[in-house]
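Welcome! Take a moment to turn the model around on your screen, and then let us walk through a few of its features together.

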Amino acid sequence: MASSFVNVWRIPELRKRILFTIGLLGVYRIGVFIPVPGANRQALTDFFQSQGDNTIFGLYDMFTGGALEQFSIFTLGIMPYISASIILQLLTVVIPSLERLQKEGEAGRRKITQYTRYGTVFLATFQAYGLAVSLEAGDLVTDPGWFFRVSCVITLVGGTMFLMWLGEQITARGIGNGISLIIFVGIIAEI
């Protein structure tokens, strides 16, 4: 088995793909520690310590690799993309025009992927605004108001879209299935 692992590194294309994937996953892990502007980090730390790990917050924090507790730019993680993808798959069964798009081959798949991205932006915006308002209500921000809400929404939606892009790059130029790898690395990092 050790010789098989060593042989992997002897194939230049495979080595390049593995290193590319590791590099992008490293970028993801660094981004988990970049905070959203205006969040009171000490108040957030106190809140999460009082909640414990066995709550819905702890479960969500595990899937985002600790980004929720850090309230980082990747707080929403890749979950809005996963949700939009599931919603669109369910809608293809109900809406005949989407079902026809799905059967059109590569062009139809590209169109459905584009709709999934739009859905991701919508869901991420909705979730980010809810988080911003919740943080203000919990007195967990340094300067509450519309400026914080707007900057929080822009930052969190941008972080989600960046993670989606990272996942697509890993799928296309790395070792494949980038979205799943991002979720996997987040869970492993939190464990």
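The largest pocket has a volume of about 450 Å³. Of the 18 residues that line this largest pocket, Y81, R109, I112, T113 and T116 are the closest to its centre. Please keep in mind that this is a predicted model, where local features need pLDDT of at least 70 and side-chain atom pairs count only at pLDDT 80 or more, while totals for chains, interfaces and linings use all residues. Residues are numbered from 1 along each chain as its sequence is written, and side-chain values use heavy atoms, with hydrogens and water left out.

**The two pockets**

- Rolling a probe the size of a water molecule over the atoms shows where empty space is left.
- On a 1 Å grid over the protein atoms alone, a cavity is a set of points where a 1.4 Å probe fits but cannot get out, whereas a pocket is an open set with protein on both sides within 12 Å along at least five of seven lines; lining residues have an atom within 4 Å of a point.
- Grid points are joined across faces, edges and corners, and a volume is the space filled by probe spheres set on the points.
- Helix 6, helix 8 (106-137) and helix 9 each supply at least two residues of the lining of the largest pocket; helices here are DSSP runs (H or I, at least four residues), numbered from the N terminus.
- Which helix gives the most to the lining of the largest pocket? Helix 8 does, with 7 residues.
- The lining of the largest pocket has 5 nonpolar, 8 polar and 5 charged residues, where Ala, Val, Leu, Ile, Met, Phe, Trp, Tyr, Cys and Pro count as nonpolar, Asp, Glu, Lys and Arg as charged, and the others, Gly among them, as polar.
- The second largest pocket has a volume of about 290 Å³, and of the 14 residues that line it, F48, F57, L68, L131 and S134 are the closest to its centre.
- Helix 3, helix 4 (56-63) and helix 8 each supply at least two residues of the lining of the second largest pocket, and the largest share, 4 residues, comes from helix 8.
- By class, the lining of the second largest pocket divides into 12 nonpolar, 2 polar and no charged residues.

**How helix 9 meets helix 10**

- Two packed helices are described by the angle between their axes and the distance between the axes.
- Helix 9 and helix 10 pack at an angle of about 115°, with their axes 7 Å apart; axes are lines fitted to C-alpha atoms, for helices over the stretch in contact, and angles run from 0 to 180 degrees between N-to-C directions.
- In helix 9, L163, M164, L166, G167, I170 and T171 meet G178, I179, L181 and I182 in helix 10, where contact means heavy atoms within 4.5 Å.
- This contact of helix 9 with helix 10 has 7 nonpolar, 3 polar and no charged residues.

**Salt bridges**

- Side chains of opposite charge can pair when their charged atoms come close.
- With a salt bridge defined as a side-chain nitrogen of Lys or Arg within 4 Å of a carboxyl oxygen of Asp or Glu, the count comes to 6 salt bridges.
- E136 forms a salt bridge with R149, and their closest N and O atoms are 2.6 Å apart.
- This pair links distant parts of the chain, with E136 in helix 8 and R149 in helix 9, 13 residues apart.
- Are E136 and R149 buried or exposed? Both E136 and R149 are buried (under 20% relative accessible area; exposed is over 50% and partly exposed in between, with a 1.4 Å probe and protein chains only).
- E99 and K103 also meet in a salt bridge (3.6 Å, N to O), and being 4 residues apart in helix 7 (residues 96-103), they are separated by about one helical turn.

**Loop residues to look up**

- F71 is found in the loop between helix 5 (67-70) and helix 6 (79-94), and its phi is near 45°, a positive value in a residue other than glycine.
- F71 counts as buried, at 1% relative accessibility.
- G38 is found in the loop between helix 2 (12-31) and helix 3 (41-51).
- Leaving aside its neighbours within four places in sequence, G38 is in contact with V141, T142, D143 and F148.
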